[in-house]
Amino acid sequence: MLRRVAVALLLCCFATPGQAAARDCIPADGPPPPLAGDERGVALKILRCVRGADAVGAWQLYLLGDSARRDGDVVLSTRLAAQMFTRQADGTLAQRWLLRDRIAPDEAGAWFSRKLSEFDGLDADGRAAPLLVLRFVAWKDEDATRGVDEGDDAGRLKIVLPGGEPPATVMAVTGTLDDERHTTANDTYFTLPEPTRRHVERLLRAWNRDQVFLSADNGGTFVPRRQKRH
C-alpha cells in the first residue's frame with residue numbers, strides 16, 4: 001500500500017519518459033474534432049486548447065464556453081465544457097471524457113482559470129490527470145452596470161479532477177466574513193489517492209495565503225468537508 005502511494009505521488013509530481021509537458025495547441029495539430037455544444041445544440045467556442053502525451057498516447061484538451069459577455073480583459077461564459085481526446089494511429093481524435101458546467105442564476109459568468117489550472121499531473125496508471133479550476137463571479141452589489149466582482153473575497157471556485165464517475169470536485173465559496181466561507185467536496189474526491197488530496201489542500205492554502213482566493217481553512221487544515229446529501 002505504501003509503495004502504491006509513493007508511486008502515485010511520484011507520477012503526480014514528475015514527468016516520465018512517456019509524458020510530454022502540456023503546451024497550448026498549434027496549427028500543425030490540425031483542425032479540432034466535433035466539439036460539445038450547449039443544451040440547445042449551439043456550438044461552444046474554443047477558449048483554449050492544451051496538448052500533451054501520457055501512457056495512452058498524445059492527447060488534446062479543449063476548454064469551451066459560450067463567451068456570453070466581456071468584462072474588461074475577462075471573457076465571461078454562462079456555459080462551460082472541457083473535452084479531452086486521444087490521438088489515434090490514423091490521426092483522428094477519440095474522446096476520453098466530457099465535462100459540462102454552467103453558472104447559477106444569480107451569477108454574472110465564469111471562466112477556466114489559466115493561472116490556477118494544472119495540466120501536467122498523472123494518475124497512478126500514467127494517464128493525464130488535469131486539475132481544472134473554474135472561477136464563478138457575481139455582479140458588484142448585484143448591479144450589472146457596475147461590472148463583475150473579482151475580489152479575492154467574492155464568488156466561488158470549482159476544482160475539477162476528471163477521471164472518476166462522477167468527476168472529483170471541490171467547491172470553495174468565499175465572502176468578506178469567515179463564516180461566509182465554506183469548502184466542500186463530493187464523495188469521489190475522498191476516494192482519490194492521499195497525495196492528490198494533499199496537493200489540493202496545499203493549493204487552497206497557497207491561494208488563501210497569496211490572496212488569490214480566500215477560502216475556508218476548516219480549522220487550519222484546508223481539508224474540504226464532505227458535501228451534504230439532499
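**Close-up 1. N218, a buried residue with positive phi.** N218 counts as buried, its relative accessibility being 14%, where buried means under 20% relative accessible area, exposed over 50% and partly exposed in between, with a 1.4 Å probe and protein chains only. N218 sits in the loop between α2 (194–209) and β13 (225–226), helices (H or I, at least four residues) and strands (E, at least two) being DSSP runs numbered from the N terminus. Phi of N218 is near 45°, a positive value in a residue other than glycine. This is a predicted model, in which local features need pLDDT of at least 70 and side-chain atom pairs count only at pLDDT 80 or more, while totals for chains, interfaces and linings use all residues. Residues are numbered from 1 along each chain as its sequence is written, and side-chain values use heavy atoms, with hydrogens and water left out.

**Close-up 2. S67 in the loop between β3 and β4.** Although S67 is not a glycine, its phi is positive, at about 45°.

**Close-up 3. The cis peptide bond from E165 to P166.** This bond has omega near 0°, and P166 lies in the loop between β10 (156–161) and β11 (168–173).

**Close-up 4. E118 and its contacts.** E118, in the loop between β8 (109–112) and β9 (132–137), is partly exposed, with a relative accessible area of 30%. Not counting residues up to four places away in sequence, E118 touches P130, L131, H199 and L203, contact meaning heavy atoms within 4.5 Å. The side chains of E118 and H199 make a polar contact (2.9 Å), that is, a pair of N or O atoms within 3.5 Å, of which, within protein, one must be able to donate a hydrogen and the other to accept it, residues adjacent in sequence counting only if both atoms are side-chain atoms. E118 and L132, 14 residues apart in sequence, are 6.5 Å apart in space, C-alpha to C-alpha.
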